[in-house]
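The sequence and model come before the discussion.

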Amino acid sequence: MSEWKQWDEKYIWHPFSPLASEPPLAVERGEGAYLVTTDGRKILDVISSWWVNIHGHAHPEIASAITEQVHRLEQVIFAGFAHEPAAQLSATLMSLLPDDQSKVFFSDDGSTSTEVAIKLSLQYWYNQGQPRRRILAMDGAYHGDTFGAMAVGDRSSIFNQPFVHHLFEVDYLPFPEGDGSNTLEAMDQLASTEHAAFIFEPLVQGAGGMRMYSATLLDKLIQHARSQEIICIADEVMTGFGRTGRMFACDHLQTQPDIFCLSKGITGGFLPMGVTTVNDKVAHAFDSKDKHKAFFHGHSYTANPLACAAANASMRLLLTEEVQQSIARIGQCHASYLRRRQPNKHVLDARQTGTILAIELKVDDGGYTSTVKDRIYRHFLDRNLLLRPLGHVIYVLPPYVITDEELQWVYSEIDAFLDDLLTLEEISDVTVKTN
């Protein structure tokens, strides 16, 4: 074992992993849609390394932009100072978001972008002398691992259970079933002038299992919240930058939220960045020389120039015709696969939104800790495919550089896995018959 691998095994605490886990795979470099390990394996990264590498690994244009910025300005305090990369990025984002979005607040990652949104919505009412203290969220949600983000996430999840008693109270809407009338009825019963904000993952709940619901329903929920003047927060950390087939998931809506939370693909996976944008309505509540109405929140690396340079390069790539065509192509490939997929008794549901494909297995112990999770992960990794399931849900969320041939390979391996999948009862039956 090389020296650095020994250091990793001895000192590093990897996320979402028990300390007694088997040693992680050692990666030497990335090449487009592939990760190359130190022993020479090429692994197709079908989940964009936690959904961030939208342009693939080590993209030369983003790498070049960072290199150029390194020699100009690497970091500056963002309180009282400004720099061109941040200004350029904010202008690009404003041109892509709804017209009423007017201000950009930078932070470090997806979780902090939702923290900022929650705090802004609460202080929005505080600044007006009519504090509202309750938040509306949706069952099964995941908004990050910091405390505010955990508070509006799913209380029953393994992520949040140890901390439930420390989280502020939240009112939850049930995840839509059928036509979504259950969620609409709950909104009708719960939404009131006590609520400061309604936070949601538009169209797709990511870590909750790639659960999908309709834009029509979300429009109605936002409209109902708006009737109570509740601030609406769209957590587009995963769904943003083309993942649902449009630039943002909210582009599928008729009624737009007040606040957007962005991260993940914004820098193409090169550097951490979180962004929270607000509309004129929210910004107006802070537009005062009274320091008590200022938003006293910040991070050491807020709007880091290197991260902004990476994001600017990522946005330039994203807006090219080539990448836009790739986004459409991936969605079409997913849809075609679902149409021709043979029925399988082990599949509870197969669904797609844009570049996101999910296959939910029929198991007794569903959820993030499902016993089938490790079996799925190992099966595909042994075939050089990085498909890290969400419990019993296999999902495909690839970089936009993936080819049709590579997607067909992924689909064929999913089909092979499903065809070979035996339940414990069937394995027992086979054993009895053999004996």
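Predicted model: local features only at pLDDT ≥ 70, side-chain atom pairs only at ≥ 80, totals over all residues.

**Helix α4**

Helix α4 runs over residues 84-96. At 1.5 Å a residue, its 13 residues should span 18 Å, and the 19 Å between its end C-alpha atoms agrees with that. The buried residues of α4 are Pro-85, Ala-86, Leu-89, Ser-90, Thr-92, Leu-93 and Leu-96. Around the axis they cover an arc of only 165°, so they lie on the same side of α4. Glu-84 and Ser-95, on the other side of α4, are exposed. Packed against the buried residues of α4 are α3 (60-70), β4 (101-107), β11 (259-262), β12 (274-279) and α10 (305-318).

**Helix α8**

Buried in α8 are Ala-215, Leu-217, Leu-218, Asp-219, Leu-221, Ile-222 and Ala-225. The elements that cover these buried residues include β5 (134-138), β6, α7, β7 (195-200) and β10 (231-235). Glu-229, which follows α8, has a positive phi, near 60°.

**Aromatic rings**

A pair of aromatic rings is described by the distance of the centres and the angle of the planes. The structure holds 16 aromatic pairs, and two of them are tabulated here.

| Pair | Distance of centres | Angle of planes | Geometry |
|---|---|---|---|
| Trp-51 and Tyr-395 | 6.0 Å | 85° | edge-to-face |
| Phe-175 and Tyr-213 | 5.7 Å | 85° | edge-to-face |

Trp-51 belongs to helix α2 (residues 48-51) and Tyr-395 to strand β16 (residues 393-396); the pair links distant parts of the chain, 344 residues apart. Both Trp-51 and Tyr-395 are buried.

The angle of 85° between the ring planes of Phe-175 and Tyr-213 makes that pair edge-to-face. Phe-175 is in the loop between β6 (170-173) and α7 (181-190), whereas Tyr-213 is in the loop between β9 (211-212) and α8 (215-227), so the pair ties together parts 38 residues apart in sequence. Phe-175 and Tyr-213 are both buried.

One aromatic cluster is formed by Phe-16, Trp-50, Tyr-142, Phe-159 and Tyr-368. Tyr-368 also has the charged end of Lys-373 over its ring, 3.5 Å from the centre. Elsewhere, Arg-132 lies over the face of Trp-125, at 3.9 Å from the ring centre.

Technical notes
Residues numbered from 1 in each chain as written. Heavy atoms only, no water. Helix = DSSP H or I, 4+ residues; strand = E, 2+ residues; numbered from the N terminus. Expected span 1.5 Å × (residues − 1). Buried < 20%, exposed > 50% of the residue type's maximum accessible area, 1.4 Å probe, protein only. Arc of directions from axis to C-beta. Contact = heavy atoms within 4.5 Å. Phe/Tyr/Trp six-rings, centres within 6.5 Å; stacked < 30°, edge-to-face > 60°. Lys NZ or Arg CZ within 6 Å of the ring centre and 35° of its normal.
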